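Hi,

Here is the structure I promised to pass on to you. Have a look at it first, and my notes follow below.

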Amino acid sequence: MEERLLPLRPNVRVVGVDASAAMLSLAKQRLKEAQFRLIRHDLNDIESLSLPSAPLQAVIIVQTLHHLPHPKQREVYRFVHRHLEPGGLFLFMDRVRLPAAPTCGNGSSSKRNTRAEKAGNNS
Ligand SMILES: C[S@@+](CC[C@H](N)C(=O)[O-])C[C@H]1O[C@@H](n2cnc3c(N)ncnc32)[C@H](O)[C@@H]1O
């Protein structure tokens, strides 16, 4: 995601956060052109994450928060809300668990699942 966005804004300063040294090293290889700072940090402890004091123009979180328990995810949302400048961009892409099918809306997803299961497709 960042690889596609950063060339559009070449002068931005990027702070990349992940708990994995291997993932940060990969980011370093792939975000060559950006001015960036990479921080190894466990997002379960979001309040101790040290960021630049200026408000953030954008926060991008991709396929990461589902690793955290829900109360910790909420802490991250609150942290983002506090650090994002007014009108800033919060781009969030992740897996989202839907409510159980029988209690979900008009039940259409339940019907879809049943059809898929009958067809032998449980994916
Ligand atoms: C599917 S990868 C996505 C990586 C990257 N955001 C991307 O879109 O390519 C999930 C990432 O979540 C990171 N992660 C999992 N639990 C974490 C935690 N508690 N704190 C920080 N990062 C975590 C893993 O290290 C891994 O790099």
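**What I found**

Leaving aside residues up to four places away in sequence, L31 touches E2, E3, L6, V14 and F36 (a contact means that the two C-beta atoms, placed from the backbone, lie within 7 Å). L31 sits in the loop between α2 (21–30) and β2 (35–40); helices (H or I, at least four residues) and strands (E, at least two) are DSSP runs, numbered from the N terminus. L31 counts as partly exposed because it has 16 C-beta neighbours inside 10 Å. On that scale a residue is buried if 20 or more other C-beta atoms lie within 10 Å of its own, exposed if 12 or fewer, and partly exposed in between, with C-beta atoms placed from the backbone. L31 and R4 are 27 residues apart in sequence, and their C-alpha atoms are 9.8 Å apart in space.

**Before you use the numbers**

Please keep in mind that this is a predicted model: local features need pLDDT of at least 70 and side-chain atom pairs count only at pLDDT 80 or more, while totals for chains, interfaces and linings use all residues. Residues are numbered from 1 along each chain as its sequence is written.

The protein chain has a mean pLDDT of 84, and 81% of its residues reach 70 or more (pLDDT is the predictor's confidence in each residue, from 0 to 100). Where in the protein chain is confidence lowest, and where highest? It is lowest in helix α4 (residues 108–118), with a mean of 50, and highest in α3, at 97.

**The overall picture**

The protein chain holds 4 helices and 4 strands, and along the sequence they follow the pattern α-β-α-β-β-α-β-α. Of the 123 residues of the protein chain, 2% count as buried. Among contacts in the protein chain with a separation of 6 or more, 54% come from residues 24 or more positions apart.

**Two strand pairs**

Strand β1 (residues 13–18) pairs with β2 in the parallel sense over 6 bridges; two strands pair if DSSP finds at least two bridges between them. Between these two strands, the chain passes through α2, and this β-α-β crossover is right-handed. Right-handed here means that, with the strands pointing away from the viewer, the path from the first strand over the helix to the second runs clockwise. As for individual bridges, D18 has R40 as its partner in β2.

Strand β3 (residues 56–62) and strand β4 (residues 84–93) also run parallel, joined by 6 bridges. Here V59 is partnered by F90 in β4, and I60 by L91 in β4. Together with helix α3 (residues 70–83), β3 and β4 make a right-handed β-α-β unit. How many of the 10 residues of β4 are buried? The count is 0, and β4 is hardly covered.

F92 is found in strand β4. With 14 other C-beta atoms within 10 Å, F92 is partly exposed.

**Around the ligand**

The residues around the ligand are D18, A19, S20, M23, D42, L43, N44, V62, Q63, T64, H67 and L68 (a residue is near a molecule if its C-beta atom, placed from the backbone, lies within 6 Å of it). That shell divides into 5 nonpolar, 5 polar and 2 charged residues. In this scheme Ala, Val, Leu, Ile, Met, Phe, Trp, Tyr, Cys and Pro count as nonpolar, Asp, Glu, Lys and Arg as charged, and the others, Gly among them, as polar.

- S20 has its place in the loop between β1 and α2. It is exposed, since 10 other C-beta atoms lie within 10 Å. S20 and I39 are 19 residues apart in sequence, with 9.6 Å between their C-alpha atoms.
- Q63 lies in the loop between β3 and α3. Although Q63 is not a glycine, it has a positive phi of about 50 degrees. Why does Q63 count as exposed? Because Q63 has 10 C-beta neighbours inside 10 Å.
- T64 lies in the loop between β3 and α3. T64 counts as partly exposed, with 17 C-beta neighbours inside 10 Å. T64 and F92 are 28 residues apart in sequence and 9.5 Å apart in space, C-alpha to C-alpha.

Happy to talk any of this through.

Best wishes
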